[in-house]
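Here are some friendly notes to read alongside the model. Please keep the structure open as you go through the points.

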Amino acid sequence: MSSYEIFVIVFIMALVMVLGGSVIGLLLSPKSKNNQKGEQYESGIPTRGTSWMQFKVGYYLIAILFLMFDVEAVLLFPWAVIMKGMGVEGLYAVSFFLVVLILGLAYAWRKGALEWK
Amino acid sequence: MSLELIDGINKIHEFLTSNIEAAWVVSLIEYVLVGLGFLTLYALIALFLIIFERKICAYFQCRLGPNRVGPWGIFQVFADMVKILIKEIIPLKHNDKLLFYAAPFIVIMGSLLTFGGLQFAEGVHGVDFNVGVFYLLAVSSISIIGVMLAGWSSNNKYSLIGAMRSGAQVISFELSACLSMMAIVILGGSMNLSDLMAAQEDVWFIFQSPFTVVALVIYLIAAHAETNRGPFDLPEAESELTAGYHVEYSGITFGFFYVGEYCNLFINAAIGTLVFLGGWQAFHLPFAGCEGFNAVMDAIPSYVWMFGKTLLLIFLSLWVRWTFPRLRIDQLLRLEWKIMLPFSLANILLMAIWVALVK
């Protein structure tokens, strides 16, 4: 069996598992109607309003920083593979890259992007 | 076991090709068999880990844990499985139906795709290709999309807060996990899991350099945080958010999240084992005169090594989970961005220097 087909198989199997489980659950489970049952749970008190409103995502700076470092990781992985063969030259090449990156982290740190507000 | 398994697969293949003319039918049957095998292994591991965790956490708290159904309560988990199937799936009034029911599928798909990239014993693996480690890192973070969808589509304040926390936490700790594995890629010189296994035949990576130990510690903390457990269980902090992102899920739809969580626990431990602790390789002493010891170690089958080491890491994870109190979200993000990220960057640089100068 060539190897890449496993992804299609696994994808279909995830579908089978979720659909099969849901169908069995729907067939076996009891059903009852109640006016309050479908309301969103708020620790027992009546639900107030919707949750689909504007809210402050305190983590958005973290998400932007993550993007920067994740792209950096993608760029570093090919270097990591051939580092052994390159020896000291590979070290020189990547140290510039890493220094720029660490400067970026230091800048974000200094500007307070890593603080919780 | 692995060789017998390969023999068995070959026998099935010969049996099918000798009896069925059309090649595509043979392929189809084999795909179905492989898929069912994966699904069974996945479900069995989840069931085993559920009872394992319940027993272990009971002993940590000086309780007995489940002990009524079967010997030592080991059939409790099957009773639970039946029970979760016959629980009502409560239809919600004001939620986004499509996203709400797609979320468990994405969580399960993410962890099954990662599961397909693992190696379980010598020669027993779904796929073996040149970007193995990178693939594992990439697909293991698909699940977070499902978690975010679940939190948003439930239209519930608790699940929204839980999903946002979960997103921040998982993407943050993803970086450290990624960078600690990069240290191993530098040392091993390949991203292919089979090459990494071959490089660990004599000495596991953990014993090859002092910086792999640092990488392992960073990886274990990051992987533990990525599973949303233990001191890092802010996304489902039950005392503040009741259950976090899956508060509105009931019956089997909740069960999918539960199974996904336990399988992610196994997957993270298995990746740690494969990359740092030698995977299915036996423990060898690389000195002269140790041939007898090495032969004894080789006599233990490779799947015992793999699952033994994985269970050890899982036990470590459970130990941490049931020992430490929960962190606050700002402490958690400080731990990642101000402590672990600088440490992992420095570790990569030091590992590169080690490889360039020492090796």
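**Notes on the two chains**

1. Chain A has 3 helices and 0 strands, and its pattern along the sequence reads α-α-α. Helices (H or I, at least four residues) and strands (E, at least two) are DSSP runs, numbered from the N terminus. Please bear in mind that this is a predicted model, where local features need pLDDT of at least 70, side-chain atom pairs count only at pLDDT 80 or more, and totals for chains, interfaces and linings use all residues. Residues are numbered from 1 along each chain as its sequence is written, while chains are lettered from A and ligands numbered from 1 in the order in which they are written.

2. On overall dimensions, chain A has a radius of gyration of 25 Å, whereas a compact globule of 117 residues would have one near 13 Å. That radius is taken over C-alpha atoms, and the globule rule is 2.2 Å times the number of residues to the power 0.38. The C-alpha trace of chain A spans about 70 × 55 × 20 Å along its principal axes. Of the 117 residues in chain A, 17% are buried (20 or more other C-beta atoms within 10 Å of the residue's own, with C-beta atoms placed from the backbone).

3. How do the chains meet? In all, 65 residues of chain B are in contact with 58 residues of chain A (contact: C-beta atoms, placed from the backbone, within 7 Å). On the chain B side, the elements giving two or more residues are H2, H4 (97-116), H7 (157-188), H11 and H14 (329-357). H7(B) provides the largest share, 13 residues. By class, this side of chain B has 43 nonpolar, 13 polar and 9 charged residues. Here Ala, Val, Leu, Ile, Met, Phe, Trp, Tyr, Cys and Pro count as nonpolar, Asp, Glu, Lys and Arg as charged, and the others, Gly among them, as polar.

4. The largest nonpolar core has 119 residues, and those with the most contacts inside it are B:Met181, B:Met182, B:Ile186, B:Tyr219 and B:Phe266. Such a core is a set of buried Ala, Val, Leu, Ile, Met, Phe, Trp, Tyr and Cys residues joined through C-beta atoms within 7 Å. H7(B) gives the largest share of this core, 20 residues. Leaving aside residues up to four places away in sequence, B:Met181 touches B:Val133, B:Leu137, B:Tyr219 and B:Val275.

Methods
Two residues are in contact if their C-beta atoms, placed from the backbone, lie within 7 Å. A residue is buried if 20 or more other C-beta atoms lie within 10 Å of its own, exposed if 12 or fewer, and partly exposed in between; C-beta atoms are placed from the backbone.
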